[in-house]
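Me: I am new to this structure and would like to learn how to read a few of its features. Could you take me through them one at a time?

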Amino acid sequence: MTIELKVPTVGESITEVQLGEWLKGEGQFVERDQPVVEIESDKATVELPAPSSGKVSKILKQKGQTAAVGEVIGYLEESAAPAGDESAAPKADGDTARRTSTEMASASTTKQSTATIKPAEGRRNVVRAEPAGAGDAGQPWVTPAARRLLAEHGLAARDLEATGRGGRLLEEDVQRHLERSKLGSPAAEVAIAEPTGVPMLRPSGGEDLEVVPMSPLRRRVAERLVQAQQTAALLTTFNEVDMSAVMAMRQKYRETFQEKHNVKLGFMSFFVKATIEALKRFPQLNAEIRGTDIVYHNRYDIGIAVGGGKGLVVPVLRGADRLSFAELEKTIGDFGQRAQRNKIAIDELQGGTFTISNGGVYGSLMSTPIVNPPQSGILGLHAIQDRPVARDGQVLVRPMMYLALTYDHRLVDGREAVLFLRHVKELIEEPSRILLEI
């Protein structure tokens, strides 16, 4: 029975997606619910699972092409796994993989597609190694397109950095390696293309040798940034905060906190708590404009800007005012890890009422963050630097951080913006006030 592989609904208002990496090629077997292809929208990357077990019989849309929601992008021929089919073989783990590799090498000098391990006494399962060149000892799992490039250029997979899901070596990884190998040419100048870091070589004449298409996520980010600039009256106000008290508290309770909660006590939880207290005092910054109306939110869903594998994403801390310091740290840490693997769900990116962006993790000393519409404010954090400051007539060296608040002047007056940022500063410099809510 032939089954159509259709683009699923990937989010409200999304009508078109871009095809990512096909995780199974034509003729390869896939188990039910195993991912077949990556689908990139302007909000997230999702995987299309196989609706049934069978072989991919036809691929209609290739990587990089666009497709509408509901469009057929391939066909699956429903069937049971053929005996000895390498694509259906489960991964061999740790010691099993090493034993398999040893047995294969001793049995023959010719690489075999699969190898059966003799079960140990008391075991009934037969474990198969992955296909040669796709999971052998010391080798990452190599996609077909990447394998062709490796063969063309005489490269070994183990020498390249694999960035695909589950440690897969992708075609882009090989291309990136090839481009980097050309960087020694004196005729080339290098420009790094955001957000993927793909090198673009420019000869001395100025002509591009490679054009990298914008991903749906990057296109969406660009649209939102332009929308914010065109529809809102954005201003930024600055202040600086002495981080001595928070750093002392973290130092004092670091080990105890981690032992009890199994997570490190970072700076972000302090700023989230301080921001919420400031939003309660200045609700205009937790509001949005809808037509000629102002909508004040009675919830505190704080977006946390994190750099992901495909670009910047802003997952939302739901009900952040009800979360403890430990819950905030765990959730933010989880966001960061899953963003790198493009595992942030679409619904986690929607509905924020205010955003915090920490450019300090990249070394930024000062910036003017852009509001994420329809929100009315965003708080920018920056690098902590030891600087001389005046205290009680003396010059002291303190760990200082610049804060930046960008706000929509249509809704928020300068007075409220300055007082909001000053209140955040006061709470961070006296963190006990956060607990007392004063």
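Reply: Let us begin with surface patches: a patch is made of residues with over 30% relative accessible area and no salt bridge, and nonpolar side chains are joined within 5 Å. Please keep in mind that this is a predicted model.

Me: Which residues form a nonpolar patch on the surface here?

Reply: The patch is formed by Phe238, Leu365 and Met366, which together have about 250 Å² of accessible area. Met366 sits in the loop that runs between strand S19 (354–358) and strand S20 (377–381), and Met366 is partly exposed because its relative accessible area is 44%, a value between the limits of 20% for buried and 50% for exposed.

Me: Where does Pro82 lie, and what does Pro82 touch?

Reply: Pro82 is found in the loop between strand S8 (72–78) and helix H1 (94–107), and with a relative accessible area of 35% Pro82 is partly exposed. Leaving aside residues up to four places away in sequence, Pro82 touches Phe29 and Lys55; Lys55 is 27 residues from Pro82 in sequence, with 9.8 Å from C-alpha to C-alpha.

Me: How should I read a pair of helices, such as H6 and H7?

Reply: Two packed helices are described by the angle between their axes and by the distance between those axes. The axes of helix H6 (residues 268–281) and helix H7 (residues 325–340) come within 9 Å and cross at roughly 115 degrees, and this crossing is right-handed.

Me: Which residues meet between H6 and H7?

Reply: On the H6 side they are Met268, Ser269, Phe270, Val272 and Lys273, which meet Phe325, Leu328, Glu329 and Ile332 in H7.

Key. Residues are numbered from 1 along each chain as its sequence is written. This is a predicted model: local features need pLDDT of at least 70, side-chain atom pairs count only at pLDDT 80 or more; totals for chains, interfaces and linings use all residues. Side-chain values use heavy atoms; hydrogens and water are left out. Helices (H or I, at least four residues) and strands (E, at least two) are DSSP runs, numbered from the N terminus. Buried means under 20% relative accessible area, exposed over 50%, partly exposed in between (1.4 Å probe, protein chains only). Contact means heavy atoms within 4.5 Å. Patches are made of residues with over 30% relative accessible area and no salt bridge: like charges are joined within 9 Å, nonpolar side chains (Val, Leu, Ile, Met, Phe, Trp, Tyr) within 5 Å. Accessible areas come from the Shrake-Rupley method with a 1.4 Å probe; for residues, only the protein chains shown count as cover. A salt bridge is a side-chain nitrogen of Lys or Arg within 4 Å of a carboxyl oxygen of Asp or Glu. Axes are lines fitted to C-alpha atoms, for helices over the stretch in contact, and angles run from 0 to 180 degrees between N-to-C directions. A crossing is left-handed if the near helix is turned anticlockwise from the far one by less than a right angle, and right-handed if clockwise.
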